[in-house]
Amino acid sequence: MACNSGTCLSGCYRDDTSIGAAESPPVAKKNEPLNDVVNSRRTTEHLDNSICIKCKVNTTIAASTADVAVVDCGGSDAGRFCVDCFRSNLFGKFRLAVTANAMISPSDNVLVAFSGGTCSRVALQFIHEMQTKAQKNFDASRDRALPVFGVGVAFIDEKTCSAVSSGYLDRAIEEMKLIVSDLAPPVKQFHVVPTETIYSPEAGAKDRLNELINAVSDITGKEDLLEHFRMLSLQKIAIEHGYTKVLLGTCTSRIACHVLEATVKGRGYSLAADIQYVDARWKIPVVLPLRDCPIHELNMLCNLDSLMTVEVFNGTRAGINGLISSFVKLLQEENPSRESTIMRTAGKLTPFHFNRMPEDNDYNGQVASRRRQKKYNLKTKDALLIESFCPICNSPLKVSNFETSSNFDNGKTSPNGIGAACCASCQFQVLPKDPSSLENFISLLPPSMVSQAEDGVRLSQRQLREQIEDCLLSDNEDGT
């Protein structure tokens, strides 16, 4: 309804049929911007979308490169950061993990587990950059009090347990040697060690390893057993060549998959041990400096810096592990933050006492260790019980999980006793159910695994005796 008031400020139109009606221009609303303002704002937003959100100067990766592969693998980061800021941000995560958790000290000798894939390639590149900087500081220092930590590279040859041809593997190893040798000094030694070396110098090691792997009928159990053999091989290399730390390229994406895998397999008790920055349950501590780096960021860095990768044994996973990998991949496609969410949620689990670097004479290491101990409310080492570990997967076990009635024959545990010393997951997925097959399986295990099982059973019996010691009768008591 139109009004005829000459003083009306409502912005309505007068009735055209009214006497003396004049056409009045429309009145703009206070909250409605003019067209030129809208166009200017849209232009500014369009420009801002191509500027790095960190430095506010350089253009983003998506706007500065025409390489579709780089943009696709980078996800949202390609549209947020420039090349320099992205690289600095990713390296900052790695360096923070190393320094905040006292992973590496100047006197260390670090062994990098190198598979040739994206994660291990970035881990090698980053640790090389840290070593190079430490070398420059050492050269510029007058007193040269702090030495430069050493770096070695190890590749585990698993052709005995896989279908990879010898010719293809030999070419891949040559490419890996080239990658390592192309890195600037200090020189890094490159180790190529077959999996069967876990049997030490022993005749018929390949045949024993193949027979042991074939004795596992479950596909998931077979993959898990091979993964444990890989770690045993790395430990053997580190011990024999004087390395003090083993560095793995495990990233956020892999940890997210492992969280769900361990949950499905019934390894919830030991899950916290596997996903921390430091794992010192091994004789040579293991560190995970890429824990906060998702795989898509590592892929993009390899594309941007043209870091050469070599895919050898990174085939499609099977069984439970394959299903979980596919599931997490679907979750990640729906929401790019799924993997980080899974890892952060699992990260709230209380770590074990061995998830920190052992204290030594390094002052900086002690300070970082105490800082992390306070953050996670870890008990002191003296107040904690000695952990027992599964002889197959080395997962920590509760004392109540052991059968303390295991029989010893000439100081050695029976096959049934060793089987009982394993975690529930290994008992279900790795160990044969038939008693005769179990005995044959135990006889094929590397000596180090058998001795660990025997030590675990003895430890559980000793701990049980300590718990009930007050209830036991002494020798001079007749029980009356």
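**Notes on the model**

1. Leaving aside residues within four places in sequence, S395 contacts S270, R281, S388, F389 and C390, a contact being heavy atoms within 4.5 Å. S395 lies in the loop between strand 7 (388–389) and strand 8 (396–397), where strands are DSSP runs of E with at least two residues, helices runs of H or I with at least four, both numbered from the N terminus. S395 counts as buried because its relative accessibility is 5%; buried means under 20% relative accessible area, exposed over 50% and partly exposed in between (1.4 Å probe, protein chains only).

2. The model is predicted: local features need pLDDT of at least 70, side-chain atom pairs count only at pLDDT 80 or more, and totals for chains, interfaces and linings use all residues. Residues are numbered from 1 along each chain as its sequence is written, and side-chain values use heavy atoms, with hydrogens and water left out.

3. D157 belongs to strand 2 (residues 150–157) and is buried, with a relative accessible area of 8%. Not counting residues up to four places away in sequence, D157 touches L169, V192, V193, P194, T195 and F313. The C-alpha atoms of D157 and V193 are 5.7 Å apart, although 36 residues separate them along the chain.

4. Helix 12 (residues 319–334) has 16 residues and reaches 23 Å from first to last C-alpha, close to the expected 22 Å, which is 1.5 Å times one less than the number of residues. Its buried residues are N321, G322, I324, V328, L331 and Q332. These pack against helix 8 (219–240), helix 9 (252–265), helix 11 (295–304) and helix 13 (338–346).
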